[in-house]
Amino acid sequence: MWPKLVVYTIAILFSVLAPCMAAAQAIADDILLSALKLEEPILLCGETVPMDDPHAVERFEKEMLVSLGNRPQVILWLKRTTRYFPYIEKVLRENGLPDDIKYLAIAESALRMHAGSPKGAMGVWQLMPQTARKYGLVVDVSFDERRNIFLSTPAAVTYLKTLYERFGSWSLSLAAYNMGEEGLEAEILEQGITNYYQLYLPIETQRFVFRILAIKRIVEAPHNHGFTLSPDDYYAPETFSTVRINAFTDLPLRLIANAAKTDFRTIKDFNPEIRGHYLAAGTRSVNITGDGEAGFQDRLAALIEADTKIRSQRVYVVKEGDSLSSIAQKFEVPLAALLIWNRIGLGKVIHPGQRLVIFPATGGRKTDLKDIEGNEDG
């Protein structure tokens, strides 16, 4: 009896819900089809997109449908625009570049600071290491300024200006940004064509400009495509103060966080270019919370002094037969923590007599503390 009842119930539910589901699908289809309707002229960066070409229309429609098919991603695009677009727009305006260039940042990274590619591109603008360094960014073991939108945007804009000077159109400049200027120039020479829309290029590059165009149309009029966000739905711009830090040695970020009256994560979020757990020695501007600026330098100096004293009392001298894992086990601390405290990698070979800093876990054995706090003979 129960199986029949279940089947009967499902049949009733389906008969009730099916019309609703069909209606909802029809509405969704109408939204997608309306998104493909074009009015003339269609412009990107002030240049006309040749929508009288059936191939161009098909390429555009594909990117619109692909983008709208991932609605959660589009919502994230929209929510992030209020956090990052004002700064990008300001830099574009100051450099005389088209405002539409801001949509390149969405196409490249969805406005994610830590977006990376298998080829090595990184950051909102997906700059390659050599390109980033060429335009003044630091990319090394301590810093990756491609991850900081306030540092990488001027570099990306300068690069784009250089591309425009070389190719003379924004469609070609954007294509070169995607595939590399040498590769694009080679195709132009071989094919004898200087029109992006007529060039045969790598598939990703053939899609690239149309992807930017689709993003522009969706972000400029989200309500036309079924997105009804309220002002409160958008992310607020990040606010912070900037301090100058003179570090004579690598400085733990936790000390900077404590001096700024905040936490480690906030410092990392405000300074995504800093790699790892330390600020490299030297002079550097660091972003901190606004309410932590007053008295910051005095608090930091006191924390550095206290930390230096504590570290000098937490030195363990490596003995014959020791390994990093055995030392971590001996003092009941995570191996990863031991690596962080001493700025060493997992594959690092240690030697007898080498000095390691160790902060025993609370409740550690007294014999462990003696080993740490003892002299060089252990």
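Residues are numbered from 1 along each chain as its sequence is written, and side-chain values use heavy atoms, with hydrogens and water left out. Because the model is predicted, local features need pLDDT of at least 70 and side-chain atom pairs count only at pLDDT 80 or more, whereas totals for chains, interfaces and linings use all residues.

**Pockets**

A pocket is an open set of points on a 1 Å grid over the protein atoms alone, where a 1.4 Å probe fits, with protein on both sides within 12 Å along at least five of seven lines; lining residues have an atom within 4 Å of a point. A volume is the space filled by probe spheres set on the points, which are joined across faces, edges and corners. Helices (H or I, at least four residues) and strands (E, at least two) are DSSP runs, numbered from the N terminus. Among residue classes, Ala, Val, Leu, Ile, Met, Phe, Trp, Tyr, Cys and Pro count as nonpolar, Asp, Glu, Lys and Arg as charged, and the others, Gly among them, as polar.

The largest pocket holds about 730 Å³ of space. Its lining comprises 26 residues, and Glu108, Lys119, Tyr177, Asn178 and Glu204 are the closest to its centre. At least two lining residues come from each of α2 (54-68), α4 (102-109), α5 (129-134), α7 (170-179) and α9 (203-220), with α9 giving the largest share, 5 residues. By class, this lining has 12 nonpolar, 7 polar and 7 charged residues.

The second largest pocket has a volume of about 340 Å³. Of the 17 residues that line the second largest pocket, Thr249, Asp250, Leu251, Ile304 and Thr308 lie nearest its centre. Two or more lining residues are given by each of β3 (241-247), β4 (251-252) and α12 (296-312). The largest share, 7 residues, belongs to α12. The lining of the second largest pocket divides into 9 nonpolar, 4 polar and 4 charged residues.

**Arg146**

Arg146 is found in the loop between α5 and α6 (149-167). With 6% relative accessibility, Arg146 counts as buried (under 20% relative accessible area, with exposed over 50% and partly exposed in between; 1.4 Å probe, protein chains only). Beyond its neighbours within four places in sequence, Arg146 is in contact (heavy atoms within 4.5 Å) with residues including Met122, Val124, Pro129, Leu137 and Ser152.

**Aromatic pairs**

The structure holds 11 aromatic pairs. Rings of Phe, Tyr and Trp (its six-membered ring) pair if their centres lie within 6.5 Å; planes under 30 degrees apart count as stacked, over 60 as edge-to-face and the rest as tilted. Two of the pairs are tabulated here.

| Pair | Centre to centre | Angle between planes | Class |
|---|---|---|---|
| Phe240 and Phe270 | 5.5 Å | 45 degrees | tilted |
| Tyr316 and Phe331 | 5.2 Å | 75 degrees | edge-to-face |

Phe240 lies in the loop between α9 and β3 and Phe270 in helix α11 (residues 264-270), so their pair ties together parts 30 residues apart in sequence. Phe240 is partly exposed at 27% relative accessibility, whereas Phe270 is buried at 13%.
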